[in-house]
Structures are given as structure tokens and as C-alpha cells.
Amino acid sequence: MTTRPGRRFLSVDDLNNDEIARIFQHTHILKNKAKPLAEHRNAVLMTAFFEPSTRTRLSFEMAAHRLGMGVSVFDQWSSSMKKGEGEAATINNLLALRPDFLVIRQRQALDFSFVEDDGETVIINGGDGINEHPTQALLDCFTLLEHIEEDSLVNKHVLIIGDIVRSRVAHSNIKLMRRLGAKITLLAPREFHGEHQIGLRHITSFGDVDSEVDAVMCLRIQKERLKNESFLDDQTFAREFGLTHDRFLRLGQKCVVLHPGPMSVDVEIATEVALHTRSLINKQVSNGVMVRASLLKHLHRGEM
Ligand code: CP
């Protein structure tokens, strides 16, 4: 009984450039308010995370609280999934409860072919398998643009290091950063690159970085997604691809560092880089709340 699907934010492709610009402008407004307006008291945001999360789930919940929304948290460990109810049936039940928003995180790509969606709920992707993590890319790009005080990444060089093939964060960021005009270089062991994407520079050594870098994003090895593939042990990865303090300094005097978290410190990123004055990592987390609040306002019946 799939009827009129509601608005879904599943990919950065679901927003056009004008919408992204408005969401970012409104994020600045929300950040500058002493107290964000609790103007969405009648709305309810529900989170359903079928995979662990610290930042994304709490950030959505904080954003909803800041807007005055009710918040309802689905916890699979105390749910009827423990009695054998499946994920699709569970999602159908959550939608039947008719929250205004349902933020879902799943271990695999979101598939709505089994979902009975009457169009009442806005479904938001909180990270689906290795596919996309669109709100992470929004907050990453917002944080970078805020730092450089520009509204595009034209002439900016972004270096992404790590397990790119299994990173939904990388996949959403590559799409969004390219749309914003960035030159992107991917640095990883050959087996972590995945299929080469046209227009991106793929390298396998720090020595191949060809120009100063404006921002470097480190990604952890997604061990929970590895099946039988061989992968580098942490020590080897740290030695060959870890962002040490020396390597960070060599990327350029203005280069800032981003990490979506969770971090494996001293593997993909050295502690002193994570804590460096040019680290935007905590800023990413803080900004995530208002970026998501701005997105919720945008999606909630188109209100901005
Ligand atoms: N960046 C991110 O998705 O973090 P969590 O897994 O903690 O939500």
C-alpha cells in the first residue's frame, strides 16, 4: 500500500544549490540567536538508529529540542525487534505513529520498497550503510565555508584521506564539495579508493599531494563494514596514511583539519592534529545542531 510518499532527504542530491545556500544562511541566523525560536512546538521528531551513533542522533535530537519540537527516540534493544519484528515492519510502525520527521540510520542502503508511506512524515537519512550521510556533508561544508568566510569552495583544495570506499561521509562530501566548486584529492591505499571517480585525483602517498591544501578530512577505517577483504592493520595505516603533525604542517599554513568522528586517534589522525588550533572537529559537532535545525525548518512544510 505505498501511497503518496512524503518528502525525503536521503542524499545531498535531494537539495538544489539554492536550497543549500538558504539552509546555510539560516544556520548563521540560528547560531546568532541568543535563544533559538521554539516555534515548532506541534511537531515531533523521531529517531530510529539501527546502528550505533553518538553525534548524529543526539545532534538531531538537540536540533529538534532547540526548535521546540517533541522528540521521540526508538530504541531497538528495548523494542519488539527483540521479539523478532523485522526492520521494515518496525519502520512501517514508526511511520504509522505519524511523527513529522523520522531520522533513520541503517546498516545498509535505505530501501523503501517495503515501506507503507502515507506522505505524512519527512524521512531523513541519518547515514545508510556505505551509501550516504547527507547531513554530515551539510555540516562539514557549512563549517568549512564559515571558517574561510566564503560561500563557495571554488579554488579550494580538499584532501580526503582514509577508507573512502566504505565511507558514506566521503560519498556525500565528495558530491557536495564538488558542487560547491572544490578541487578534491583522495588519498588512500589502492584498495580503499573504490572505483575511480572522474574529475577526482586519486593518490596513494602523501608525497603525491600536488599543491597546498585548504582542508584535510581524515576518515577512520570502517572495520565494522569489512567482510573478508584484507585491510591494513592500524599500525601500518598510521605509518603510511596517518595525519601526523609533520604531515599536517606540510599541507599548508592555512590548512584546517576535519573529521566526522568517531576518531581512531593516533591511527588516521594524530592526537596533536585533532587538538590543533586549526582543527575544526569540535566546531563540526557544534555546528551540526544548527545545520540540522535549519534543515528541519526547511523540510517542515517548506518553512524557512
Ligand atoms: N559522524 C557521525 O555520523 O557520527 P556518529 O556515528 O556518532 O553519529
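**The core and its surroundings**

Tutor: Start with the largest nonpolar core, which has 80 residues. I124, L138, I160, M177, V216, L243 and L296 have the most contacts inside it. A nonpolar core is a set of buried Ala, Val, Leu, Ile, Met, Phe, Trp, Tyr and Cys residues joined through side-chain atoms within 4.5 Å. Buried means under 20% relative accessible area, exposed over 50%, and partly exposed in between (1.4 Å probe, protein chains only). Helix α10 (residues 281–299) gives this core its largest share, eight residues. Helices (H or I, at least four residues) and strands (E, at least two) are DSSP runs, numbered from the N terminus.

A word on the source. This is a predicted model, where local features need pLDDT of at least 70, side-chain atom pairs count only at pLDDT 80 or more, and totals for chains, interfaces and linings use all residues. Residues are numbered from 1 along each chain as its sequence is written, and side-chain values use heavy atoms, with hydrogens and water left out.

Now zoom in on M177. Leaving aside residues up to four places away in sequence, M177 touches C141, L144, L153, V158, A182, I184 and M217. Contact here means heavy atoms within 4.5 Å. Another core, of 15 residues, lies apart from the largest one. M46, F50, L95 and L110 are among its members. In soluble globular proteins, nonpolar side chains tend to be buried together.

Next, the strands. β8-β7-β6-β9-β10 is the order of five strands in an open sheet with parallel pairing. Two strands pair if DSSP finds at least two bridges between them. β8 (201–203) and β10 (256–258) each have a single partner strand, so one side of each is left without a neighbour in the sheet. On average, neighbouring strands here are turned by 20° against each other, direction ignored. Helix α4 packs on this sheet and touches β6, β9 (215–218) and β10. The direction of α4 makes about 165° with that of β10. Axes are lines fitted to C-alpha atoms, for helices over the stretch in contact, and angles run from 0 to 180 degrees between N-to-C directions.

Five bridges join β7 to β6 (residues 157–161), in parallel. I161 has L187 in β7 as its bridge partner. On to β8: three bridges pair it with β7, also in the parallel sense. There T185 stands opposite R201 in β8.

Back to α4, this time with a helix. Two packed helices are described by the angle between their axes and the distance between the axes. The axes of α1 (residues 17–32) and α4 (residues 134–148) come within 11 Å and cross at roughly 70°. The two helices are therefore roughly perpendicular. The cut-offs are under 35 degrees for roughly parallel, over 145 for roughly antiparallel, 65 to 115 for roughly perpendicular, and oblique for the rest. α1 passes α4 in a right-handed crossing. A crossing is right-handed if the near helix is turned clockwise from the far one by less than a right angle, and left-handed if anticlockwise. From α1, I20, F24, T27, H28 and K31 take part. They meet L138, C141, F142, L145 and E146 in α4. L138 is on the list of residues with the most contacts in the largest core, and C141 touches M177.
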